[in-house]
Amino acid sequence: MPHPLLTRDPGARHLLLGNEAIVRGALEAGIDVATCYPGTPSSEVPDTFFRLSPEGDFYFEYSVNEKVALEVAGGASLAGALSMCTMKHVGVNVAADPLMTLTYVGAPGGLMLLSADDPGCHSSQNEQDNRIYARLGGLPCLEPSTAQEAKDMARDALLLSREMGAPALLRTTTRVNHLRGPVTFGALPEKKKPAGFKKNPARFVPVPAFSRPMHVRLLETIEKLRAEAEKSPYNRISGKGEIGVAASGIGRAYLADALAELGLAGKVKVLELGFTHPLPEKLCLKFLKGLSTVLVVEELEPILENDLRVLAQKRGLNVAIRGKDVLPRNGEFSVGLVADALRTVLKLRKPQRKVCAGTADLPQRAPNLCASCPHRATYFAVKKIFGNDAVYSSDIGCYTLGILPPLAAADFLLCMGSSISAGSGAARAAGQTVVGFIGDSTFFHSGITGLVNAVFNRHDILLVIMDNHTTAMTGHQPNPGVDKTILGDNEAKVDIEAVCRGLGVTRIETVNPLHHKKMMAILEKMKAESGVRVVIAREPCPLHARRVYGAKVTRVAVVSDSCDQCGRCLDELACPAFHKTSGKVEINPLLCGGCMLCLQVCTHIKARKLEGK
């Protein structure tokens with residue numbers, strides 16, 4: 001029986017995650033090629049494609065980084081394939097180089113880029129608003145607010161891209177990616193083989209002589225896209241009155257609920273924009289006509305607010321445009337926040353909002369490395385050898401949680417792959433001892449070039465590559481170095497140690513960090529040396545090992561009766577399986593993963609075989 005997302009039953013109705021709806025929309029468009037680098041909140045899109053790939057009529061790949069992913073998808077589109085590429089918002093920074101050129105050369109087969117933005121920094125290092133990339137590159141931008149729109153807009157963005165021969169941007173936010181809603185399916189098309197690449201250097205090779213007319217064609221395409229935005233069903237005007245509210249993306253959902261809460265549905269004039277760029281100026285002017293004040297509801301940057309303000313000024317309209325003076329420029333919105341902004345603009349009395357009793361007293365739980373995580377063993381050993389004297393250059397992955405005490409092994413972080421390059425710069429500038437940490441997936445993503453640079457420029461850095469056989473932070477996606485995935489063996493494994501040797505690193509040690517004495521001895525040896533050194537701390541993520549390798553926990557650690565309650569296990573190791581009850585340290589057998597690191601560092605802990613194992 002096929003996966004529900006592959007059903008050919010038009011009219012079927014399913015409750016879908018926003019990201020799952022995007023996949024269905026791509027299937028309804030007739031997707032040929034899908035690529036990605038996984039990143040929350042986009043990860044469920046490629047993960048769903050991955051699960052569907054054995055029975056789906058499309059090609060899917062986890063690429064090594066976002067730039068490569070967009071280049072693969074772009075090349076496929078040049079060969080006539082309907083293609084899409086998915087990533088989180090900061091990934092577009094990595095992919096920006098090919099993106100800006102793809103807008104010039106075009107996408108004959110159709111190409112959609114999914115940018116999953118993250119207002120509120122739920123899983124990201126910034127809140128950047130990637131609607132700006134649409135304006136920078138000249139891409140049509142669609143912004144869904146419901147699961148149904150996520151499906152429909154993904155389909156329509158792909159079809160529009162193919163019709164116009166230009167790449168399109170589907171911009172979502174965390175709330176849209178992770179909401180669940182009812183979705184009515186459309187039909188799946190009968191697919192044809194891509195036409196193949198047709199040579200035309202003047203169109204596809206952007207040397208300066210060709211780039212200049214390419215830019216002219218792009219500007220003409222933007223105007224054609226503007227005409228499409230003017231008649232798009234995702235852009236509409238409703239209600240009446242002298243006060244107007246314009247909203248884009250998920251702001252439309254907050255606005256609808258806020259108007260209902262205030263009893264104002266239909267009593268103010270509303271402009272909803274789902275196809276947000278190019279701006280449908282005629283529709284916007286129709287909306288602005290006769291209004292005295294407009295409130296703009298959009299998360300993050302005042303992009304639509306400024307667009308409407310410029311349009312009103314150009315047309316000599318006497319209308320007050322309000323937005324970021326009453327709504328924040330950071331974080332996610334809420335219905336209450338939008339309702340309060342409406343009250344301010346409409347000069348309505350604000351009610352006293354009730355706050356749930358006792359919330360201030362709830363304990364705060366910071367994100368933490370899992371029990372039995374090999375990264376904890378790595379950090380524990382490094383801190384024992386280097387202490388607080390070394391500078392710790394961190395990177396992006398679940399191992400970034402090493403920032404928390406007592407491990408405290410993350411002193412600075414710039415972006416993916418930066419631990420090597422930035423660490424090298426810090427070591428060169430001040431002569432301090434620098435230890436860099438990078439995960440296996442991040443190493444393949446953008447760490448290799450930093451290591452090449454470190455070797456070439458003779459930097460002095462100890463790099464610890466934390467190889468847990470997966471891309472753990474975003475949902476255990478495979479990377480080139482894994483030996484097994486949930487779909488089977490990786491027959492094209494790329495060996496990290498061989499890569500390092502090929503780059504010119506001569507001092508390399510590979511060790512299981514859960515073998516504490518051996519790990520400590522290797523680190524002592526590396527501490528006494530200088531130059532570029534690499535320690536590969538290799539041990540599978542325990543969660544991944546259970547899913548993929550079928551690994552089972554057969555024994556757990558327990559605190560013996562001889563324990564003197566010194567508390568060092570809590571103060572230095574801080575495994576989440578440890579806890580204190582009635583002044584006594586204990587280990588929760590349900591949380592213990594059986595790594596046995598604690599047995600190697602404390603004589604008062606022993607192993608107990610699990611019953612039935």
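Trainee: So what is the strand order in the open sheet of seven strands?
Mentor: In this predicted model, the order is 3-2-4-5-7-6-12, and the pairing is mixed.

Trainee: And which strands stand at the edges?
Mentor: Those are strand 3 (59–62) and strand 12 (275–277); each has a single partner strand, so one side of each is left without a neighbour in the sheet.

Trainee: How do strand 6 and strand 12 pair, parallel or antiparallel?
Mentor: Strand 6, residues 141–142, pairs with strand 12 in the antiparallel sense over two bridges, and Leu142 has Phe275 of strand 12 as its bridge partner.

Trainee: What does helix 3 touch when it packs on the sheet?
Mentor: Helix 3 (residues 66–78) touches strand 2 (33–36), strand 3, strand 4 (83–88) and strand 5 (111–117), and its direction makes about 165 degrees with that of strand 4. Helix 4 (residues 89–105) packs on the sheet too, touching strand 4 and strand 5, with its direction at about 145 degrees to that of strand 4.

Trainee: OK, over to the sheet of five strands, what's the order there?
Mentor: That open sheet runs 15-16-17-21-20, and its pairing is parallel. Strand 15 (391–393) and strand 20 (507–511) are the edge strands, and since each has a single partner strand, one side of each is left without a neighbour in the sheet. On average, neighbouring strands of this sheet are turned by 20 degrees against each other, direction ignored.

Trainee: How many bridges join strand 15 to strand 16?
Mentor: Three bridges join strand 15 to strand 16 (residues 434–439), the two running parallel, and Tyr392 has Val435 in strand 16 as its bridge partner.

Trainee: Which strands does helix 18 touch?
Mentor: Helix 18 (residues 516–527) packs on this sheet against strand 17 (461–467), strand 20 and strand 21 (532–538), and its direction makes about 170 degrees with that of strand 20.

Trainee: Switching to helix pairs, at what angle do helix 15 and helix 16 pack?
Mentor: Helix 15 (residues 418–430) packs with helix 16 at an angle of about 30 degrees, their axes being 7 Å apart, and the two are therefore roughly parallel to each other.

Trainee: Which residues meet there, and how do they divide by class?
Mentor: From helix 15, Ile420, Ser421 and Ser424 meet Gly447, Gly450, Leu451 and Ala454 of helix 16; the residues of this contact divide into three nonpolar, four polar and no charged.

Trainee: Now the open space: what's the volume of the largest pocket?
Mentor: The largest pocket holds about 940 Å³ of space. It has 48 lining residues, and those closest to its centre are Gln125, Ile396, Gly397, Thr400 and Met416. Helix 4 and helix 16 (440–456) are the elements that give two or more residues to the lining, and helix 16 supplies the largest share, five residues. By class, the lining has 21 nonpolar, 22 polar and five charged residues.

Trainee: And how many cavities of 30 Å³ or more turn up?
Mentor: The search of the whole structure finds five of them, with about 130 Å³ of space in the largest cavity. That cavity is lined by 19 residues, with Ser372, Cys575, Phe578, Cys595 and Cys598 nearest its centre.

Trainee: What classes make up that lining?
Mentor: The lining of the largest cavity has 15 nonpolar, three polar and one charged residues.

Terms used: Residues are numbered from 1 along each chain as its sequence is written. This is a predicted model: local features need pLDDT of at least 70, side-chain atom pairs count only at pLDDT 80 or more; totals for chains, interfaces and linings use all residues. Side-chain values use heavy atoms; hydrogens and water are left out. On a 1 Å grid over the protein atoms alone, a cavity is a set of points where a 1.4 Å probe fits but cannot get out, and a pocket is an open set with protein on both sides within 12 Å along at least five of seven lines; lining residues have an atom within 4 Å of a point. Grid points are joined across faces, edges and corners, and a volume is the space filled by probe spheres set on the points. Ala, Val, Leu, Ile, Met, Phe, Trp, Tyr, Cys and Pro count as nonpolar, Asp, Glu, Lys and Arg as charged, and the others, Gly among them, as polar. Two strands pair if DSSP finds at least two bridges between them. Helices (H or I, at least four residues) and strands (E, at least two) are DSSP runs, numbered from the N terminus. Contact means heavy atoms within 4.5 Å. Axes are lines fitted to C-alpha atoms, for helices over the stretch in contact, and angles run from 0 to 180 degrees between N-to-C directions. Angles under 35 degrees count as roughly parallel, over 145 as roughly antiparallel, 65 to 115 as roughly perpendicular and the rest as oblique.
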